[in-house]
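Work through the exercises below with the model open beside you. Try each task on your own before you read its solution.

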Amino acid sequence: MSAIISPSILNCDIGNLRGELERIGNADIAHVDVMDNHFVPNLSWGLPVVEAVVKSGILPVDAHLMIEDPDRWAPQYAEAGCESVTFHAEAVTAPLRLARELHRLGARAGLALRPATDIAPFVDILHEFDMILIMTVEPGFGGQSFIDSMMPKVRRTREAIRSANLPVTIQVDGGISRATIEMAAEAGADNFVAGSAVFTADNAWDEVELLRELAAHHCH
Ligand code: DX5
Ligand code: ZN
């Protein structure tokens, strides 16, 4: 299984968006964090910035919606051309209806879980999603420390996906770096968001390659 690297542009130099995306042009997809100051105590950006990233044509877009009422807002991100749209389990009212709507609009659908949210209630509907995002920090900010006590949840999710023989990826987001990516891959993640680790590196391109190699040794 190969590793997908999805750098988060949350703390990049947004005044030089095109240049920053070009620094990570070897990544698989660009992770764009949408925050509404309600679901999380931080405000980032919304549809216009996501549309600008899509329009740049440099990388496909992986939208992570940390917002209330994704039932109402998420479809617009699919219509904007995001390859993947992820909404939070804690915020959504009708996850199946929303996942199907995103699929109908041509996007992949991801379900995100905050650290204290278990995978168990979702095991029987995993096949409705393309990706499960297991947060390895409390969502809201870049640059936080990886919570390694999330690894049992990654393992349980991987086992559930494997036993149902589903093509669902497991994304981890928060504190992913050279120091933590192997632990997450070993637990069963195959899709890795890294923000500060990539954008504070002198050479973001090389950091993406290094993270991909470290993960690939452990992905199973
Ligand atoms: C946090 C966001 C992350 C964040 C990751 O709520 O969802 O995508 O940008 O940043 P790092 O890799 O610095 O933890
Ligand atoms: Zn994110």
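Predicted model: local features only at pLDDT ≥ 70, side-chain atom pairs only at ≥ 80, totals over all residues.

Residues are numbered from 1 along each chain as its sequence is written, chains are lettered from A and ligands numbered from 1 in the order in which they are written, and side-chain values use heavy atoms, with hydrogens and water left out.

**Exercise 1. The zinc site**

Find the protein donors of the zinc ion (ligand 2) and work out why the arrangement counts as octahedral.

Step 1. Begin with the term itself: donors are N, O and S atoms within 2.8 Å of the metal (3.2 Å for Na, K and Ca), and since water is not among the atoms, sites may look incomplete. By this rule the protein supplies H31 through NE2, D33 through OD, H64 through ND1 and D173 through OD, at 2.1 to 2.3 Å from the zinc ion.

Step 2. Turn to the angles, where six donors count as octahedral if opposite donors are over 155 degrees apart and all others between 65 and 115. The six donor atoms around the zinc ion subtend angles of 72 to 171°, and therefore the arrangement is octahedral. For reference, ideal angles for six octahedral donors are 90 or 180 degrees.

Step 3. Read the donors along the sequence, where their spacing is H-x1-D-x30-H-x108-D. D33 belongs to strand β2 (residues 30–35) and D173 to strand β7 (residues 169–173), so this pair ties together parts that are 140 residues apart in sequence. Strands here are DSSP runs of E with at least two residues, helices are runs of H or I with at least four, and both are numbered from the N terminus.

Step 4. Check the accessibility, using the rule that buried means under 20% relative accessible area, exposed over 50%, and partly exposed in between (1.4 Å probe, protein chains only). D33 is buried because its relative accessible area is 4%, and D173, at 8%, is buried as well.

**Exercise 2. The surroundings of H64**

Describe where H64 lies, which residues H64 touches and which side chains make polar contacts with H64.

Step 1. H64 sits in strand β3 (residues 61–66), and with a relative accessible area of 1% H64 is buried.

Step 2. Contact means heavy atoms within 4.5 Å. Leaving out residues up to four places away in sequence, H64 touches H31, V32, D33, V34, T86, H88, A112, L133, M135 and D173.

Step 3. A polar contact is a pair of N or O atoms within 3.5 Å; within protein, one must be able to donate a hydrogen and the other to accept it, and residues adjacent in sequence count only if both atoms are side-chain atoms. The side chain of H64 makes one with the side chain of D33 at 3.1 Å, and another, of 3.2 Å, joins H64 to the side chain of D173.

**Exercise 3. Ligand 1**

Determine which residues come nearest to ligand 1 and how much of its area the protein buries.

Step 1. A residue is near a molecule if one of its heavy atoms lies within 4 Å of it. There are 20 residues around ligand 1, of which S8, G140, D173, G195 and S196 come nearest.

Step 2. Look at the oxygen atoms of the ligand: one is 2.7 Å from a polar backbone atom of G140, a backbone N or O atom of G175 lies 2.8 Å from an oxygen atom, and a polar side-chain atom of S196 lies 2.5 Å from an oxygen atom. Taken alone, ligand 1 exposes 380 Å², and the protein buries 99% of that.

Key:
Tetrahedral: all angles 85-135°; square planar, octahedral: opposite > 155°, others 65-115°. Areas by Shrake-Rupley, 256 points an atom, 1.4 Å probe, with all protein chains shown as cover.
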